[in-house]
Amino acid sequence: MKAMVLEKILPVKERPLKLIDLPMPTPGSKQILVKVSACGVCHTELYEIEGRLSPIKFPIILGHEIVGRVERLGDTASKFKKGDRVGIAWINWACGKCSFCLKGEENLCDKAKWTGKDVDGGYAQYTVVSEDFAYPK
Ligand SMILES: [Zn+2]
Ligand SMILES: [Zn+2]
């Protein structure tokens with residue numbers, strides 16, 4: 001697949017995103033593979049590119065305001081079917097077990113992962129996400 005990746009922190013004016021070919025990601029257990037239709041750009045990406053909110057891995061695919069269609073279901077994923085339209089947001093995953101998660105406040109989970117910062121995001125043809133953090137559109 002085609003993807004725009006950030007390999008290192010750089011000023012935005014140096015055009016830091018590079019278009020490369022990557023293997024299509026494989027959805028893991030309870031995950032879905034999503035064919036990206038569109039992905040927004042907001043200040044978060046500028047912060048990430050310039051290092052004010054650094055991604056935790058490089059290279060990384062940024063982008064956390066994703067709309068797309070379900071392409072494939074991972075093992076045991078059952079909330080969606082192929083072709084369903086979904087949205088994926090900034091929160092990509094949370095533990096589901098801590099006091100915040102149990103109150104429905106996953107955004108406060110210490111172990112939460114953020115789309116396009118801790119895991120690859122939407123500036124690509126495909127992305128994977130836990131079905132619990134994809135939203136029907
Ligand atoms: Zn945003
Ligand atoms: Zn949690």
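Two strands count as paired here if DSSP finds at least two bridges between them. On that basis, this predicted model contains an open sheet of five strands, running in the order S9-S3-S5-S6-S10 with antiparallel pairing. Strands S9 (126-130) and S10 (134-136) sit at the edges with a single partner strand each, so one side of each has no neighbour in the sheet. Going across the sheet, neighbouring strands are turned by 45° against each other on average, with direction ignored.

Isoleucine 88, for instance, has alanine 134 in S10 as its bridge partner. As for what holds such strands together, strands of a sheet pair through backbone hydrogen bonds, either parallel or antiparallel.

Cysteine 42 belongs to the loop between strand S3 (31-39) and helix H1 (43-50), while histidine 64 is in the loop between strand S4 (60-61) and strand S5 (66-73), so the pair ties together parts that are 22 residues apart in sequence.

How buried or exposed are these two residues? Histidine 64 is buried, its relative accessible area being 5%. Cysteine 42 comes out as partly exposed, at a relative accessible area of 22%; the cut-off for calling a residue buried is under 20%.

Terms used. Residues are numbered from 1 along each chain as its sequence is written. Chains are lettered from A and ligands numbered from 1 in the order in which they are written. This is a predicted model: local features need pLDDT of at least 70, side-chain atom pairs count only at pLDDT 80 or more; totals for chains, interfaces and linings use all residues. Side-chain values use heavy atoms; hydrogens and water are left out. Helices (H or I, at least four residues) and strands (E, at least two) are DSSP runs, numbered from the N terminus. Buried means under 20% relative accessible area, exposed over 50%, partly exposed in between (1.4 Å probe, protein chains only). Axes are lines fitted to C-alpha atoms, for helices over the stretch in contact, and angles run from 0 to 180 degrees between N-to-C directions.
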